[in-house]
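Welcome! Take a moment to look over the sequence and the 3D view, and then read on for a short tour.

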Amino acid sequence: GGVDSIMTVMGDHMDARGLLEQGCWALRHLAHNNDINKHRIADKNGVEVLLAAMIKHKGSSVLQEQACWVILYVSAASVAISEAMGKKGAVTSVVSALRGHPTVEGVQAQGAWALANLVQNSKSNCKRVLEANGIEHMIEAMKRHPGSLNIQAKATRALARAAKFYDPACNRIRELGGVDLVMEAMRSHKSSPTLQQEGTLFLKTMANQYLKTMGLSSSDNGGGSVS
């Protein structure tokens with residue numbers, strides 16, 4: 001099939017940056033809304049090929065962005081696939097892309113989205129994000145690109161999920177001023193339903209995690225759940 005052919009060609013031509021960029025673009029579109037292709041990429045060394053391309057061509061923002069698209073689609077297929085991708089280095093490769101291309105909006109937005117999917121329901125991937133300083137890089141992206149609704153929404157989603165599934169991530173977000181940063185994003189993009197929703201979920205998550213550390217449930221705080 002098309003997926004298998006593309007992965008084979010990419011694997012055989014790791015020095016051909018342009019070919020790899022086009023290969024990542026093709027895999028992105030083949031994986032979009034197609035669970036069969038997501039599983040095929042995950043099951044037939046597609047992730048290994050993709051990550052090898054990201055490592056080989058760290059300087060190509062085009063390749064890094066397209067690869068992040070593939071990662072965010074494939075990792076959404078299942079928690080098992082997402083965690084297997086994390087073990088293979090997907091988290092560290094995405095964080096490396098964020099670190100290497102701080103001014104490229106597409107890399108920052110799709111990288112944050114990829115991390116959001118990788119950490120969903122996965123404490124192990126949350127830990128990998130924290131250890132790779134992914135929290136810092138997403139917060140830096142929000143500071144650097146305050147006008148980018150896409151970055152603000154995707155980074156807020158990733159931070160909320162990391163905080164929900166891994167307490168140390170929640171602590172790091174709080175220490176780095178993440179709560180104030182998300183509130184500022186919500187004020188700056190008040191007309192965006194997407195960001196308002198992501199921001200509200202983030203703030204509820206942070207509040208619930210704080211109450212949990214205090215030995216309280218959300219219903220103990222004056223009535224009414226914040227979950």
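## Cysteines without partners

There are zero disulfides in this structure, which is a predicted model. Take Cys-68: the closest cysteine sulfur belongs to Cys-24 and sits 9.6 Å away, which is too far for a bond. A disulfide would need the two sulfur atoms to be within 2.5 Å. Cys-68 is also buried, with a relative accessibility of 0%.

Cys-170 is in no disulfide either, as its nearest cysteine sulfur, in Cys-126, is 11 Å away. With a relative accessible area of 2%, Cys-170 is buried.

## The nonpolar core

Now turn to the inside of the model. In soluble globular proteins, nonpolar side chains tend to be buried together. Here the largest nonpolar core is made of 69 residues. Ile-71, Leu-115, Ile-135 and Met-138 have the most contacts inside this core. The helix that gives the most to the core is α5, spanning residues 61–75, with nine residues.

Leaving aside residues up to four places away in sequence, Met-138 touches Leu-98, Ala-112, Leu-115 and Val-129, along with Ala-155, Ala-158 and Leu-159. Leu-115, one of these partners, is itself listed among the core residues with the most contacts.

Lys-38 is buried, and its relative accessible area is 10%.

The other two bridges on this tour reach across the chain. Lys-88 pairs with Glu-48, and their closest N and O atoms are 3.1 Å apart. This pair links distant parts of the chain, 40 residues apart: Lys-88 is in helix α6 (residues 79–88), while Glu-48 is in helix α4 (residues 46–56). Lys-88 is partly exposed, at 39% relative accessible area, and Glu-48 is partly exposed too, at 32%. Then there is Glu-198, which forms a salt bridge with Arg-157, with 2.7 Å between the closest N and O atoms. Here, helix α14 (residues 193–213) holds Glu-198 and helix α11 (residues 149–165) holds Arg-157, so the pair links distant parts of the chain, 41 residues apart. Glu-198 counts as buried, with 10% relative accessibility.

## Two asparagines with positive phi

Finally, have a look at the backbone. Most residues other than glycine have a negative phi. Asn-33 has a positive value, near 55°. Where is Asn-33 found? Asn-33 is in the loop between α2 (17–31) and α3. Is Asn-33 buried or exposed? At 67% relative accessibility, Asn-33 counts as exposed.

Asn-133 also has a positive phi, of about 65°, although it is not a glycine. You will find Asn-133 in the loop between α9 (123–131) and α10 (134–144). Asn-133 counts as partly exposed, with a relative accessibility of 36%.

Conventions:
Residues numbered from 1 in each chain as written. Predicted model: local features only at pLDDT ≥ 70, side-chain atom pairs only at ≥ 80, totals over all residues. Heavy atoms only, no water. Core = buried A, V, L, I, M, F, W, Y, C linked by side-chain atoms within 4.5 Å. Buried < 20%, exposed > 50% of the residue type's maximum accessible area, 1.4 Å probe, protein only. Helix = DSSP H or I, 4+ residues; strand = E, 2+ residues; numbered from the N terminus. Contact = heavy atoms within 4.5 Å. Salt bridge = Lys/Arg side-chain N within 4 Å of Asp/Glu carboxyl O.
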